[in-house]
Amino acid sequence: MPASEQNRINIPIIHPNVRNAEAFLDSWTEPFILEKREADHFSFRSVLSDLQVTIIFFNDYQEAVEYERKHYRPGSATERQTINGSALYAISGGDPHLVSSLAGHFAGRE
């Protein structure tokens with residue numbers, strides 16, 4: 001199986017930002033696996049570096065912003081959040097460079 005076909009992410013909900021989220025995860029330098037799903041919350045872990053990404057899908061951008069303010073503290077070197085469209089990405093891991101790079105990956109491809 002070609003590398004581009006391995007570990008393809010499939011987020012099984014209908015939402016305008018799902019395809020972007022799948023593409024972001026699939027295009028990262030290492031594969032992710034789904035760890036947990038709760039309604040519109042999906043948690044993934046990278047196979048090699050143990051980065052964790054939780055993606056939460058909202059009805060609109062403002063709803064994502066309000067949820068982030070209420071449920072997440074300001075980012076640190078090992079925990080960052082970013083919003084792309086109406087999806088919130090919460091990233092954590094032990095390597096601050098990788099956390100920052102992945103947050104930029106999600107934020108920079110609209």
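## Strands β1 and β2

Strands β1 and β2 pair in the antiparallel sense over 6 bridges; two strands count as paired if DSSP finds at least two bridges between them. Strands (E, at least two residues) and helices (H or I, at least four) are DSSP runs numbered from the N terminus. The bridge partner of K36 is S43 in β2. The two strands form a hairpin with 2 residues between them, and A39 in the turn has a positive phi of about 55 degrees.

This is a predicted model, in which local features need pLDDT of at least 70 and side-chain atom pairs count only at pLDDT 80 or more, while totals for chains, interfaces and linings use all residues. Residues are numbered from 1 along each chain as its sequence is written, and side-chain values use heavy atoms, without hydrogens and water.

## The nonpolar cores

A nonpolar core is a set of buried (under 20% relative accessible area) Ala, Val, Leu, Ile, Met, Phe, Trp, Tyr and Cys residues joined through side-chain atoms within 4.5 Å. The largest has 22 residues, of which I11, I55, F57 and Y89 touch the most other members. At least two residues of this core come from each of α1 (18–26), β2 (41–46), β3 (52–57), β5 (87–92) and α3 (96–107). Another core lies apart from it, with 6 residues, including F58 and I83.

Contact means heavy atoms within 4.5 Å. Leaving aside neighbours within four places in sequence, I55 is in contact with A21, L25, D40, H41, F42, F44, A87, L88 and Y89.

Key
Buried < 20%, exposed > 50% of the residue type's maximum accessible area, 1.4 Å probe, protein only.
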